[in-house]
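Let's walk through this model together, starting with one chain and then looking at how it meets its neighbours. Have the coordinates open as you read.

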Amino acid sequence: MGIISIEQADRLYWLGRYTERVYTTIRLYATSYDIMIDINKGSYDEFCRNLDIPNIYQSPEDFKATYAFSQDDPNSIYSNLMRAYDNAIELRDMIGSECLSYIQLALYDMNKAKVSEAPLVELQRVMDNILAFWGLTDDIIESESCRNTIKVGKRIERIDLYGRLHLSKEMLVREVHRLAGRIDRCALHYRKAVMDDLGELIKEEQLDYYRIVQEIEQILE
Amino acid sequence: MYDMDLFEHTDTVNELLARYGVKFGIYKNNEFKEQLFPFDAIPRIIEKDEFSKLEKGLKQRVMALNLFLKDIYGEKKIIRDKVVPEEFIYASSGYLTQCEGVMPVKGIYSHISGIDLVQGKNKEWYILEDNLRVPSGASYPMIARELCRRSSPRTFQDYKLEDNRNYAELLRRTLDHVNVEGHTVILTPGRYNAAYFEHSYLAERTGAHLANGHELIVEDDKLYFIGVEGKKERVGAVYRRISDEYLDPMTFCEESVIGIPHIFDVYRKGNVALLNAVGNGIADDKGIYYFVPKMIKYYLGEDPILQNAPTYLPFYKEDMDYVLEHFDDLVLKDVAEAGGYGVVFGSSMTAAQKEDFIALLKKEPRRFIAQEVIDFMDLDIMEKGEIVPRKADLRAFVLMADEPLVWKSGLTRFSRNPDSFIVNSSQGGGFKDTWVLSQ
Amino acid sequence: MKKLRFEYRMTITFDQPVTDHRFTVKCVPETTERQRICDLEIRVLPDHSLSGGRDSFGNRYIYGNSPDPGDRFEIYMRGQADTGLSCMETAEAEHRLGRYRYATSYTRPGESILAYHKELRELLADKTDNYDKCVTIMHELYRMMTYQPGVTTLKTTAEEAFGQRKGVCQDYAHIMITLCHMENIPARYVVGMLIGEGASHAWVEIYDKGGWYGFDPTNDTIVEADHIKISNGRDYRDCLINQGVFVGNAKQTQKIQVLVEEIQQ
């Protein structure tokens with residue numbers, strides 16, 4: 001009907017955020033996992049610090065299993081994927097069964113990764129499915145504001161993560177520009193002053209990552 | 001006799017069903033779980049001629065049930081003429097006094113009817129029960145057909161059958177027919193409802209908007225959907241998948257948090273169509289079931305084309321005598337229960353259980369109906385690569401738009417337990433596609 | 001025949017503001033064969049959005065909502081009534097009265113009423129008319145019961161009230177309806193106002209030969225010109241004067257003031 005309720009707008013936004021969180025944290029996890037094979041088994045401590053999550057993990061093995069697959073750890077990749085799924089499943093009528101199916105497939109692959117000897121292989125499929133999901137939402141969802149709401153969620157999450165991880169200035173500049181181009185055309189109300197502040201912050205020589213993260217967290221009303 | 005190509009793809013079809021999240025929710029030990037609905041690739045096949053007889057009989061039955069509902073909440077001629085004793089109406093929980101004198105848009109009560117049938121070994125079809133409130137299940141064969149065609153295109157080149165993927169069009173036509181002026185909404189109690197997949201899938205396929213109760217509000221005698229900008233959009237038809245008692249806390253269950261306050265007031269004024277109408281529970285009551293063939297005669301002056309399973313009403317003395325005499329041959333059903341619960345077989349009771357049951361039956365005769373145990377014609381299913389016979393029923397769907405429309409398919413459910421007659425999905429059954437041959 | 005002046009005021013106060021208040025108010029007395037209502041004035045506050053309707057018992061009601069925070073809800077009504085114009089109201093065809101013959105959760109008999117009904121049956125044995133039976137039922141009920149506020153609540157059933165032989169008008173009416181059902185007499189619950197009563201009142205109407213007749217078991221009288229009827233239904237719940245849902249964790253206090261007095265001519 002071309003009209004989105006407050007609840008649906010909220011779901012679309014969080015669907016964007018959680019898919020991005022899963023995608024990016026799998027990439028980070030894969031890098032750490034590789035290091036922990038033989039180079040530095042204790043490197044997960046730094047990982048937690050960067051992401052600003054509590055290091056509750058007892059050992060490298062515990063980290064590998066719990067951070068990726070625990071249903072009880074609210075910061076686990078699994079928990080974030082479940083949240084994406086919980087939002088997606090209530091949006092079938094807006095995003096369509098085809099888009100939804102990729103989130104469903106990601107969840108199945110996640111369950112396979114959980115019991116795998118080499119989980120990075122299945123996690124790669126989880127990422128593949130998320131990429132397919134993004135591609136398809138862009139391709140087939142007719143409503144522009146519906147599409148953009150997912151994308152805005154994704155961009156906001158990405159700026160948040162990149163800020164926490166102190167990624168390069170070029171990467172943040174690109175993401176903030178991409179967000180600025182969308183945020184006017186989504187179903188959410190945002191604080192224009194915050195968007196302007198972000199625009200200024202990324203112009204600085206030395207990025208103030210702490211403030212960037214702070215600002216992005218409060219960009220929506 | 002079987003087209004093996006399709007069966008070889010059973011796993012593929014089930015995988016695709018999983019991919020599209022074709023599931024139903026159940027509560028086990030107070031925990032919500034989503035379960036796949038196991039699909040068996042051997043279809044139920046109904047010949048063209050046979051189906052056209054079913055079609056006539058189903059239309060006839062649903063027309064009579066609609067007239068019954070209109071009469072019960074209006075003139076009550078069928079009570080005056082003593083065709084249905086009044087205690088079967090007023091002592092039933094399905095009768096809602098709040099619906100007295102309320103005329104739904106265009107006088108249609110049961111827009112979407114799910115009529116459960118079984119086929120006996122004698123090839124005869126029998127009506128098991130009518131579902132006129134919120135019958136579910138059409139989405140499963142609808143999507144299964146799509147996926148079977150994808151998995152085994154050759155099969156569908158060889159067989160000439162009716163395409164059942166038109167269900168969404170039939171439903172849309174039914175919704176549009178009564179829409180007063182505005183958007184069409186499918187109202188769901190939420191994703192923890194057993195049939196949530198169906199709610200969301202039908203919304204997608206019909207282009208209706210899926211909504212929860214708190215996304216809709218009543219104002220100035222009209223129903224509105226509230227958009228993110230606070231913009232109100234008028235709603236003209238609600239395909240509501242929540243039951244009567246939770247629909248409106250101002251008229252029914254006060255504690256309901258999934259309903260919409262005052263929606264019943266707007267409905268009463270004809271300012272929104274509700275599908276199905278409120279109060280339909282009186283017509284699909286197991287006690288009223290006994291009277292449906294009499295209704296057909298009474299309202300339409302026709303002989304029923306489709307038969308009920310032979311049923312006795314212990315309320316009548318001669319029926320009580322028969323039931324007591326033939327207790328072991330009968331199945332007894334509590335009229336207040338649904339979903340395969342409250343069903344007991346006389347033959348499977350111990351002496352003590354039997355004694356208790358008969359005492360209860362004598363005390364509350366209106367509460368039970370007794371039926372002959374039908375000698376089901378079993379359907380083949382595949383189990384671990386072998387073909388085995390199992391009990392199955394058929395839920396046929398009749399939609400009431402500008403004319404009654406019988407969907408040329410249906411949900412065939414089967415029991416996976418070889419000893420069980422109960423095919424309900426909430427009790428672990430599976431489903432099949434139902435093919436109606438087109439030539 | 002009498003000419004009465006009536007005034008009704010209900011105030012609900014919330015101890016903290018509530019939002020999205022939705023309400024249905026059934027407080028509109030209407031002209032019937034028995035009473036003529038004139039100069040009726042009704043005010044419902046807040047009046048953000050108000051509509052009217054008629055329920056399945058024929059009662060008029062007002063419904064509406066108020067999205068903004070508020071800590072007060074008020075109904076005010078006044079008017080005049082000519083009462084006692086007839087001793088009965090014409091009923092629908094008898095085959096359509098079934099709903100007034102069957103129990104609701106309020107009027108389902110239990111052990112104490114069933115036992116009492118056995119005694120009562122002997123007293124009714126020689127009577128054929130519903131009306132005469134009801135006169136006896138009312139007298140007996142009045143004799144058995146003690147009027148006592150505070151021992152029952154709005155949720156008390158006929159059986160519970162009769163079990164303790166105590167209650168208020170709501171309980172008297174429910175018990176009488178239950179006993180009528182057991183005699184296969186259609187009976188309904190009535191809410192209205194009564195001369196000299198400072199609150200709303202409840203009584204009963206029973207069916208006999210095409211008409212509804214009013215009985216007031218709390219006062220052991222046949223309803224004539226002292227009562228003004230507001231609504232009727234199967235039981236208390238069908239005749240709720242005010243119903244509401246709102247968002248907020250507020251406690252509410254309800255105050256009702258009713259004044260009915262005769263206008264001397």
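Two residues are in contact here if their C-beta atoms, placed from the backbone, lie within 7 Å. With that in hand, look at chain C: among its contacts between residues at least 6 apart in sequence, 74% join residues at least 24 apart. Keep in mind that this is a predicted model, in which local features need pLDDT of at least 70 and side-chain atom pairs count only at pLDDT 80 or more, while totals for chains, interfaces and linings use all residues. As for labels, residues are numbered from 1 along each chain as its sequence is written, and chains are lettered from A and ligands numbered from 1 in the order in which they are written.

Now for the overall build. Chain C has four helices and 15 strands, where helices (H or I, at least four residues) and strands (E, at least two) are DSSP runs numbered from the N terminus. Along the principal axes, the C-alpha atoms of chain C fill a box of roughly 60 × 45 × 35 Å.

Chain C splits into domain 1 (2–84 + 241–262) and domain 2 (91–233), with bounds that come from an automatic or database domain assignment. Taken over C-alpha atoms, the centres of these two domains of chain C are 25 Å apart. Where they touch, domain 1 of chain C puts in 22 residues and domain 2 of chain C 17. On the domain 1 side, β1, β5 (70–83) and β15 (252–262) of chain C each supply at least two residues, and β15(C) gives the most, with six.

What about the other chains? Chain C meets chain B through 17 residues of its own and 23 residues from chain B. On the chain C side, β1 (2–25), β3 (49–54), β4 (60–66) and β14 (242–247) each supply at least two residues, and the largest share, three residues, comes from β3(C). Chain A and chain C, on the other hand, do not touch, and their nearest C-alpha atoms are 17 Å apart. Of the two pairs of chains that touch, chains A and B have the most contacts between them.
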